[in-house]
Amino acid sequence: MKEVMTEDNKAKKQKMFIEDEDEGSESLWWSMPDPVLIKVFALLEPKDILSASATCRRWYEVANDTILWKHQFQQHFSTDPSIPLKPGASSWKDEYARLTSRIPFVQTERLQGHAHQVLHVSFSHNGEMFATCSKDGYVIIWNSDHPCTERYSHNMKQFSWKYTQYSQFNQSDTLLLVSGVHFGAPHSTSGEIVVFTVGGDYSHLRCRVRNRPYDIFGTWFSDQYLISGELHWLAHLVSTSVLWLNKANQEVDSEHVPIMNQLYKFYNRNASSVRAIMMAKCPWLDETNDPLAEEPSSADNEDVDMKQNSPAIDSVDGGSAGNPLSHITSVRHSVEQNSSNDAMASTSRHRQTKSTDDISIYFADEYRRRFNGDNCPLDYEEEGDDVEVDDVAEAVEEYDDMENSIPKYLIFSTGSKTYTPHQIGIKRINHVTFPKKLDPGPSLKERVAARKERNQMRDPDPDWNNYESVSDRFDKIDKVIDLHGHIIGMALSPDHRYLYVNTRPWPQDYVISNPLEPPPIAQEIDIHVIDLMTLKRVGNMLRAHKAYTPSNECFFIFLDVCDDYVASGAEDMHAYLWDRYYGISLAKYKHTDVVNSVAFNPKDSQMLVTTSDDYSIKIWRSRAVAKKLKIDMTNNDEAFDLKLNTTAS
């Protein structure tokens, strides 16, 4: 769609306006009422409306009529007529232009830096770099400017890693957290987290942290501290997930200076565990606005059950595709394929009422009222912004290491009914301290005496299966939201207000009799939207994209959220794009194998990166940007516009 006229055309149009002043009054078109003329224009294609707008002043005004472009927008994008113009948008015409020319759509680069499946991609907060992880054991950091070039590369197989699986930049973009999987026994769940410096002319290893199971991934707690995990089995199907707070720099001058400290210890049952941890900064949280302090309503009874929080099971790399979860185990291969096929045909109660072609996101009215409108105040300063690598040490001294001034939520996937993650766990983080000196603890003589005393008293071992009797030994999960399906990916909106979750739902009226045999999961991936201010689900999108692996081999399909859009990978060899506010599907992006991960440039929503099992990394930019970069868009059929029925060409 042509938006900007050349100087010559502007001059011609102005001349037409002047001539129209003298002759337009005798024209039948000039005497035609506006409503009739608008109806005539509504029959035209948008490009023809723009051409007609250059005819005269009257047509120019009609061609920019709000009602006309609202009709064009709703007709082409099939939006609900009751949805108003997005708050902050200048006009329906501009929204039409945004969704046609300013969404990521043109494949501008195809990077071949990895020699195996590419599992994950993440951007720096300043948008200048992105990192990719792969089954070839490498993590590569790329420059995001066109054309994208390799900046740093690290081979993690030198540390006995099987592959890299996840990465995350710290807030100041001076450090990169990389999570990976160790080589080991077939059922090993051992993993590790490393931190690299990024910036300047080189990148070097800063610290290494144990992480088990490896699908905890790890996350930044603050600019200089990260969270890792460790799983301990207590009894059959019962374990505890311990989360550790770690310094990002473990080169200390004294053996008495601590480098890690226990943060939380959660109880797990039915072979489930804490996975995929992330941090959300929640400046709206205070004593007067705390959804965790409210009594759950009857509608949320299924979501809140503190007695059911659960842990993990040892597992194996369960297939050649994607990034398998650590709970996959060979003992589950006995699950009958027939039951899986039957369940694939079953759908949720929502699915039964919607068309198979309907892949829009459906939001509650509350979401639309608050999105970009009366949102909570978010005018806080991010700690550690714009810190140069050479100034890291000085910056650490200048601000609170723990960033306790900003309330936070710890968010993770977990479960209570089976080993597959089906619940979102939320823990509010209060003031956190990190010890300055190690506690030397009791001496050897004191420990021996204490052991003799315990043996004499012959205290019975705790009954770990009875949560009530041991609950005082564990931290409480503040909120649990059950999504009744296998959680395969999570992402936060840029303001950390909304949590988007990829799930593969279980059949309606499912029954779990054995925690090691979860219900078969649907082939369709649903996206759920959770408002972290109210801790309520405010939207969902059903059957939008596909995944085919069974329950015991299901792996992560990462999604990402920017201010305007939501994107996700899929196992059908495509990535997908939706508009956040209108909930409409906009485009899909072609690969030749499973698309594992997607990421928007946080400083440029017109740039999207997708990674795939086909070993490739594809860079997608908008038509407007591609035109500025003078990129040839002919014969570019890698992207498909789901609303306008066109390809990138």
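Contact here means heavy atoms within 4.5 Å. I'm looking at a predicted model, where local features need pLDDT of at least 70, side-chain atom pairs count only at pLDDT 80 or more, and totals for chains, interfaces and linings use all residues. Residues are numbered from 1 along each chain as its sequence is written, and side-chain values use heavy atoms, with hydrogens and water left out.

**Entry: helix α7**
I looked up α7 (residues 92–101) and found eight of its 10 residues buried. Buried means under 20% relative accessible area (1.4 Å probe, protein chains only); helices are DSSP runs of H or I, at least four residues, and strands are runs of E, at least two, numbered from the N terminus. What do the buried residues of α7 pack against? I noted α4 (46–52), α6, β24 (565–568), β25 (574–579), β26 (585–590) and α13 (623–628).

**Entry: charges in α7**
Next I checked salt bridges (a side-chain nitrogen of Lys or Arg within 4 Å of a carboxyl oxygen of Asp or Glu). Glu95 pairs with Arg98, with the closest N and O atoms 2.8 Å apart. Both sit in α7, three residues apart, about one turn of the helix. Glu95 is buried at 3% relative accessibility, and Arg98 at 7%. Asp579 joins Glu95 and Arg98 in a network of salt bridges.

**Entry: another pair**
I also found Arg497 and Asp531 in a salt bridge, 2.6 Å from N to O. Arg497 is in the loop between β19 (485–492) and β20 (498–505) and Asp531 is in strand β21 (residues 524–531), so the pair ties together parts 34 residues apart in sequence.

Note on methods:
Buried means under 20% relative accessible area, exposed over 50%, partly exposed in between (1.4 Å probe, protein chains only).
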